Each structure stands twice: as structure tokens, then as C-alpha cells.
Amino acid sequence: MKKITDGKIGMRMKKIAYCGSLFWIATSALAQENSCGKLLDDAERLACYDLIYGRRELVVVPPAEPLKTAALAEVQTEQQVVTIVKDAQYEQIRRERLGSTMSERWELDASKSAGIFLPRPYKPMYVLPVTYSSRINSAPTSPGDGHGTGSGQDLRNMEGKFQFSFKSKLWENVLGMDANLWAGYTQSSRWQVYTPALSRPFRETNYEPEAMLVFHTPYEFLGWQGRISSISVNHQSNGRALPLSRSWNRLIGEVSLERGDWSLSLRPWWRIQEKTAADDNANIQDYLGRGEILLSNTMAQHVFTLQARHSLRSGANSRGSVQLDWAFPLVNGVHGYVQLFSGYGESLIDYNFRQNKVGLGVSLVEWR
């Protein structure tokens, strides 16, 4: 009898333990379900329920958006690296070709001097296969006797234009001063390449030799760093006979400064009057101006330049011009080139002729 009683008690204890286990499992599952329900991400919440009801391990699938963001950041980083490398390559080409700053271009640091009589780039050099003018000067004239052409030529508004320019150092440390003597030469041509009936003539070519004494003038002014000051003797002519002869001589001063990627040059000039009574281009200062401002900026291999001239007179003699240049990278230091001009004196033959002009082509050397 006692054995039977003990057996019943044992069975009851097992049932109680079994029921307790079921209760613990149910309570635990319910608690875990409540925890899973608090998860906001769909993938994480599903993985939590799988773990409760049979899955052995919690597999959390990361949200897609962070992965996209990380991948995008990686791509952007690679693009930045490529851009930095390209900028460095461009800067190296530019530095080797003409120098990246005024100090380098004018060799103001004696330790980096390349010597004398070595040709170097000077002003912008470009080829514009296409330029278009709002007006073409088919009958140039000047107030001097015998300077009118009379009848006009059958010229096209569209033509080509190119310019090349070099300088060479002639004398270093002139008379013990912190200055170098340079010689420069610039030539620009306007070519009526789209007029086969006229045998595609060169409408106008300007020749500009000059001698420049360039001083190293380091100073600071309103955040701008002074670099150079210079004085030069400049001759410009078109090398033609009457009635199309145009020429003048100037004494030009210059002060140039830099600030980061910006450069600024102020260039006033004084015309040297010719001894002869004849003047190929009377009052040219009232058209081509008595000075100019040159402002340039380099931004991610793009070079933007503003060149503004003015007569420094009021009333009817208040004239001048504005030229905008944009050079953008193409390949291996070669740039695409856009040139916009408005005003008087796009060339010497047009010194008293107002026009708007746009040109498109390539550039090897820009301002800066």
C-alpha cells in the first residue's frame, strides 16, 4: 500500500514539474515576443521571432539604406581621390610649362632662375577657329590725312583668330637691384578664313614687342600679397602702309598682387607721342584707354579672366572695352577656350570701331 501511495505522489510531482516547465516556457516566449515587438526594423523583428520559434541563431539582416550610403561614400571618396590626382597632375604640367604663381613665372626667387635668353610663355596663347562679330569693320578709317579706305571690302562677320606670346630674361639683378630685365613679343592675327572669294586674307595682324624692368615687391595690402611692380616700353603696330597703317608707343606701369587663387594687375600707361606730324590713330587713348585692370581666378583647372580698359575720361570720350576669357581643361594641359569681347579696340585697325565678339577654340597658355 505504501509503495502504491509513493508511486502516486511521484506521478503528481512529475505532473507539477511538467506543468511548471510549460508555464515557464510560455511565460518566457511571451516575454521574448514582447521584446521582439519593440524592434522597429522589419528584418530584425522577423529574425527575433524565428529565434523564439525554432531558429538556433539570430541572423540580423542589415538595413539596405546604410549599405547604400556606405557604398556611395566610398564612390565619392574614390572620385575625390581621382580629382585630387588629376588636379595634382594638371598643377605639375602647369608648373613645368609656365609656373603656377607670379613669383615663379617671373623668376623672382633667384634660386629657381632658369637663366637668361631662354624663351618662356608670356601672354595667353590660343587658336580660335571660329570668332563671330556683331559688326565687321569693312571700311576702317582714322582722322589723319590719307587714313580712310573709301569703299568697303566684302568681309565676313565670322573669321579665325590666333595669338602667340613669348618673353625672355635679358639681365638678372639689374644694377644690384631686386629686378630683372625682360623682353617680350606678342602677335595676334584675324584671319578671314571663311571668304574664299577674297582668297582668305589676313584681315589684321598686330605686332607688339616690349622691354620690361620687373621688380620684386613683396608686401601685404588688405589680404592681398604684393608680388611684382614693373615699368615697360611698348610698341604696337599692324605693319601696314597707308591708309591702313596703325601704330603707337607707350610707357606702361604695372602693379600685380595675388590672394589665394586670385591674381590682380593694375596697368596704367602713357602714350609717347610721335615726332612726326602724321598720326595713324589720333586720340587712340580715348578708345583703347589709358589703362587696364586684369583680374584672374583659377578654380579646379578652370581659368577665368576679366580684362577691362577705359579712357579715364567722361562725357563723349568715356570709352573702353571689356573682355572675358574662360579656359577649361581638355587633355594634357590643353584647354578649351571661350573669349567674349565688347567695346572698342579688339584690334588696332578697329581701335575706334565698337563691336561685340565671341570666339571658341583651344588654349595652351592662359593668364596667371
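## The largest cavity

In this predicted model, the largest cavity has a volume of about 500 Å³, and the count of cavities of 30 Å³ or more comes to five. Its lining is made up of 32 residues, and those that lie nearest the centre of the largest cavity are Gln163, Glu208, Gln236, Gln307 and Arg309.

Two or more residues of this lining come from each of strand 3, strand 4 (179-191), strand 5 (202-221), strand 7 (247-259), strand 8 (262-272), strand 10 (302-310), strand 11 (320-331) and strand 12 (334-344), with strand 4 giving the largest share, four residues. Sorted by class, the lining of the largest cavity holds ten nonpolar, twelve polar and ten charged residues.

## The second largest cavity

The second largest cavity contains about 340 Å³ of space, and of the 23 residues that line it, Trp106, Glu254, Ser265, Leu294 and Trp367 are the closest to its centre. Helix 4 (102-105), strand 5, strand 6 (224-237), strand 7, strand 8 and strand 9 (291-299) are the elements that give two or more residues to this lining, and strand 8 gives the most, with four residues. The lining of the second largest cavity divides into ten nonpolar, six polar and seven charged residues.

Lys169 lies in strand 3, which spans residues 158-171. Lys169 counts as buried because its relative accessible area is 0%, where the cut-off for buried is under 20%. The side chain of Lys169 makes a polar contact, at 2.9 Å, with the side chain of Ser113, and among the other residues that Lys169 touches are Glu107, Phe117, Arg120, Asn180 and Trp182.

How values were computed
Residues numbered from 1 in each chain as written. Predicted model: local features only at pLDDT ≥ 70, side-chain atom pairs only at ≥ 80, totals over all residues. Heavy atoms only, no water. Buried < 20%, exposed > 50% of the residue type's maximum accessible area, 1.4 Å probe, protein only. Polar contact = N/O pair within 3.5 Å; in protein donor to acceptor, adjacent residues only side chain to side chain. Contact = heavy atoms within 4.5 Å. 1 Å grid on protein atoms, 1.4 Å probe; cavity = no way out; pocket = protein on both sides within 12 Å on 5 of 7 lines; lining within 4 Å. Points joined across faces, edges and corners; volume = space filled by probe spheres on them. Nonpolar A, V, L, I, M, F, W, Y, C, P; charged D, E, K, R; others polar. Lists of a residue's contacts leave out its neighbours within four places in sequence.
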